[in-house]
Amino acid sequence: MDLQGFGHLLLDGTWLTMQLAISSLLIGLVIGLLGASAKLSQSRVLRGIATGYTTIIRGIPELLLVLTLYFGGSQLIMLVAGWFGHDDYIEVGPFAAGVAALSIAFGAYATEVFRMAMLEIPKGQWESAAAIGMGKVQTFFRIIMPQLWRLSIPGLGNLFQVLLKDTALVSVVGLNELMRQAAVGAANTKQPFDFYMAAALLYLGLTLIATLITMMLERWSKPELRGGRA
C-alpha cells in the first residue's frame with residue numbers, strides 16, 4: 001500500500017472524524033435524555049413533540065439531514081437573527097452542520113434507548129426515595145441515573161458505531177474528514193484502491209476502539225462482571 005506522501009491527509013481526516021463523532025455523541029446524548037424524559041412525561045404536548053421528533057428524524061436519511069442543515073442552516077439562523085435586528089450574513093460551516101445533523105439523528109435513536117432503559121427501572125424506587133425525603137432531582141442523579149447508564153450502554157455503543165461510520169456522509173458538504181481526504185489522495189495519485197483500503201482500515205480501527213471502550217464501560221458498570229459483589 002503506497003500512499004505516495006499523502007498519508008498525513010488520512011491522519012488529519014481521522015482526527016477530524018473523531019472530533020465530529022465525539023461532538024455529535026455528546027450533544028446527541030443530551031438530546032436523547034431530554035427526548036426520553038419528554039416521551040415519559042405526564043404532558044401530552046411534550047410527548048407529542050418527542051414522538052414527532054423521533055418519527056420524523058428516524059424516517060429520513062442522515063444524508064438528507066446533512067444537506068438540509070448545511071444549505072438551509074444559514075437561512076434559518078438569519079431568519080431568527082433578523083427577529084433580533086441582526087441583518088448580516090451568517091454562514092454555517094460544514095463541521096457545525098455535520099455535528100448538528102449527526103447529533104439530531106443520534107439523539108432520535110438514543111431517545112428510544114433511554115426510554116426503554118427508564119421503563120426497566122421500577123417506579124417503586126422513586127417512591128422509596130421520596131419516602132426518605134429525597135427530591136426528584138436528587139433521586140434522578142443519585143439513584144436513577146447510574147442504573148440508566150448501565151442499562152443503556154450496550155444500545156448506545158451500537159449507536160455510536162453507526163454514528164462513527166455516518167461521519168463519512170459529511171464529506172459531501174466539503175468537510176475534510178477521513179472519507180474526503182481519502183478521495184483527495186486517490187484523485188491526486190490515481191491510486192484509489194490504496195487510499196480507500198487505508199480509509200477502510202482506519203474506520204475499522206476506530207470501530208474496534210469504540211467496541212473496546214463500550215465493553216470496558218459495560219464491565220465497569222456491572223460489579224458482577226468485575227468479580228465483585230452485585
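This is a predicted model: local features need pLDDT of at least 70, side-chain atom pairs count only at pLDDT 80 or more; totals for chains, interfaces and linings use all residues.
The UniProt annotation "domain: ABC transmembrane type-1", from an unreviewed entry, covers residues 14–214. Over residues 14–214 the chain is 82% helix and 0% strand, and the end C-alpha atoms of this stretch are 20 Å apart. The unreviewed UniProt entry also places the feature "transmembrane region" at residues 20–38, 63–86, 92–110 and 195–217. Two of these spans may be described in the model. Residues 63–86 are 88% helix and 0% strand, with their end C-alpha atoms 30 Å apart. Residues 195–217 are 100% helix and 0% strand, and the end C-alpha atoms lie 33 Å apart.

Helix H6 comprises residues 136–166. A straight helix of 31 residues would span 45 Å at 1.5 Å a residue, whereas H6 spans only 37 Å between its end C-alpha atoms. Within H6, a kink of about 50 degrees lies at Ile 153, shortly before the proline Pro 154.

Side chains of opposite charge can pair when their charged atoms come close. A search of the whole structure finds two salt bridges. In one of them, Lys 39 pairs with Glu 112, and the closest N and O atoms are 2.3 Å apart. This pair links distant parts of the chain, since Lys 39 belongs to helix H1 (residues 7–39) and Glu 112 to helix H4 (residues 94–120), 73 residues apart. Both Lys 39 and Glu 112 are buried. A salt bridge also joins the side chains of Arg 115 and Glu 112, with an N to O distance of 3.0 Å. Arg 115 and Glu 112 both lie in helix H4, three residues apart, which is about one turn of the helix. Glu 112 has a relative accessible area of 14% and is therefore buried, while Arg 115, at 22%, is partly exposed. Through shared partners, the salt bridges join Lys 39, Glu 112 and Arg 115 into one network.

Trp 83 counts as exposed because its relative accessibility is 63%, and the cut-off for exposed is over 50%.

Lys 190 is located in the loop between helix H7 (178–189) and helix H8 (192–221). Most residues other than glycine have a negative phi. Phi of Lys 190, however, is near 60 degrees, a positive value in a residue other than glycine. With a relative accessibility of 65%, Lys 190 counts as exposed.

How values were computed: Residues are numbered from 1 along each chain as its sequence is written. Side-chain values use heavy atoms; hydrogens and water are left out. Buried means under 20% relative accessible area, exposed over 50%, partly exposed in between (1.4 Å probe, protein chains only). Helices (H or I, at least four residues) and strands (E, at least two) are DSSP runs, numbered from the N terminus. The expected span of a helix is 1.5 Å times one less than its number of residues. The bend at a residue is the angle between axes fitted to the seven residues ending there and the seven starting there. UniProt positions are given in the numbering used here, feature names are shortened, and annotations may be inferred rather than shown by experiment. A salt bridge is a side-chain nitrogen of Lys or Arg within 4 Å of a carboxyl oxygen of Asp or Glu.
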